[in-house]
Structure formats: structure tokens, C-alpha cells
Amino acid sequence: MKRMATACACLLAWQALGAEGPEGVDLARLNGWDIVVAEDAIPAERYAADEFQGLFRQAAGIELPIVGKIDRPGRHVFIGESLPMRASRVGFRVDGFGPEDLRIVIRDANIAIAGGRPRGTLYGVYSFLEDYCGVRFLTPDHTHVPKLEAESVVGPVDRSYHPPFGGFRYPHFAVQWLNPAFGVRMRNNGFCED
């Protein structure tokens, strides 16, 4: 009981001093930010960074450069695990993640999207774009990308996902196997040739 009272007193004192917890990120105001990808990233992680860059540009009207190194502590979108991401305020490791497990952390002027290899990071990017930017992958020829509102604050967020159904996912719809990029966006993880 005494520990509980001490903890409450410390929390009240912290709040009284104006100290605040982690802050969210306004997605509509990412000017000056960049996308950070490890120099030794696998092709799926590099593709994830390209997908994020292109679709976010459509949503926010901001072209974020893709870089491999950083020189400041904030204003980064980390795609995939990297040394800079792990050292940041949103850093974590993906050791033990399954091939499609993912984690999204948004706070304190940083965003981290990473997951297991080979697909976790890519699926994390798609989840971020769908859930926080409103992107909808409707057909191979049409992706709905709404413009972000003037104020689009998200977070703080620390979200992990482990697919309840792992392994082979291939619905065998012609629209997906004839359009592999769309199939990947629909989380189809199995392709075959005719």
C-alpha cells in the first residue's frame, strides 16, 4: 500500500511539473522527415520503403527521401529493423518474429515499422497505410488513397500483430496471380506459375 501511495505521489508531481508522456505524430506534417532502411535490407524491405514512399506521397503530398544513415534523433520513418532504428526512441528487435509478424511504434517524432523476414515489414507498411492513412487496395488498377486531413495525429502507438493463420495463403483468384503486386498488397503469400 505504501508503494502505491509513493507511486501516485510521484506521478502527480511529474504531472504538476509539466512533464508529459510520449507524444503522437501528425502525419500531415512530416516535412523534413525521411525513410530509413538498413543498408543490408532484404528486397522485401526495400520494396516496403518504396511502397510507403509512393503511397504516403499521394496521401500527404510529401516526398520523403529514403536514406540508410541518420544524423539526428527524430523525424524518421524506420522501415525494417536497422541499427539506427534499434538505437532510436522507438527501437526494438525482431528476433523471434515469425515471417509475417509485425510491430508498429509511433511516438516522439519517430515511426518504426518492422517485422519478421521475409514479409513482416512489408505487411506492417500496408497495415500502417490502411489503418492510419485510410489507404484501400481495391483492384490492381485502383488504390484509394485519401488526402490526409490538415491535422492527422496518430499515437502514441505500440502495436504488434502475429497472424493467427500462418503458412501458405493463396486464394487462387486470377486477379491476384495475374497481378502479383496486387496479390502482395492483399497479403497473398503464395504464387505459382501456369
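Start with the open sheet: six strands, in the order S3-S2-S4-S6-S5-S10, with mixed pairing. Strands here are DSSP runs of E with at least two residues, helices are runs of H or I with at least four, and both are numbered from the N terminus. Two strands pair if DSSP finds at least two bridges between them. Strand S3 (66-67) and strand S10 (157-161) are the edge strands, each pairing on one side only. Strands of a sheet pair through backbone hydrogen bonds, either parallel or antiparallel.

Before going further, a word on what you're looking at. This is a predicted model, in which local features need pLDDT of at least 70 and side-chain atom pairs count only at pLDDT 80 or more, while totals for chains, interfaces and linings use all residues. Residues are numbered from 1 along each chain as its sequence is written, and side-chain values use heavy atoms, with hydrogens and water left out.

Now walk across the strands. S4 and S6 are joined by four bridges in the parallel sense, and His76 stands opposite Asn110 in S6. On to S5 and S6: this pair is antiparallel, with six bridges, and Arg107 has Asn110 in S6 as its bridge partner. The two strands form a hairpin with two residues between them, where Asp108 takes a positive phi near 50 degrees. Strand S5 (residues 102-107) also runs antiparallel to S10, joined to it by five bridges.

How many of the residues of S6 are buried? Six of its six, so to speak, with "buried" meaning under 20% relative accessible area, "exposed" over 50% and "partly exposed" in between (1.4 Å probe, protein chains only). In a regular strand the side chains alternate between the two faces of the sheet. For S6, both faces are covered: Asn110, Ala112 and Ala114 are buried on one side, and Ile111, Ile113 and Gly115 on the other.

What covers the sheet? Helix H4 (residues 120-133) lies across S4, S5, S6 and S10, running at about 50 degrees to S5. Such angles run from 0 to 180 degrees between N-to-C directions, and the axes are lines fitted to C-alpha atoms, for helices over the stretch in contact. Contact means heavy atoms within 4.5 Å.

Zoom in on Thr121, which sits in helix H4. Thr121 counts as buried because its relative accessibility is 1%. Leaving out residues up to four places away in sequence, Thr121 touches Glu45, Ala48, Ile79, Gly80, Ile113, Ala114, Gly115 and Gly116.

Val25 is another residue to look at, found in strand S1 (residues 25-26). With a relative accessible area of 3%, Val25 is buried. Its contacts, again not counting residues up to four places away, include Ile106, Arg107, Asn110 and Ile111, as well as Val153 and Val154. Arg75 is 50 residues from Val25 along the chain, yet their C-alpha atoms are separated by 9.5 Å.

There's a second hairpin to find, formed by S7 and S8 with two residues between them. Strand S7 (residues 136-139) and strand S8 (residues 142-144) run antiparallel and share three bridges, and Phe137 has Thr143 in S8 as its bridge partner. Is Val145 buried or exposed? Val145 counts as buried, because its relative accessibility is 15%. Apart from neighbours within four places in sequence, Val145 is in contact with Leu55, Gln58, Ala59 and Val135. Leu129 is 16 residues from Val145 in sequence, and the two are 9.0 Å apart, C-alpha to C-alpha.

Finally, step back to the whole chain. Its secondary structure comes to six helices and 10 strands, and 42% of its 194 residues count as buried. Of the contacts between residues at least 6 apart in sequence, 59% join residues at least 24 apart.
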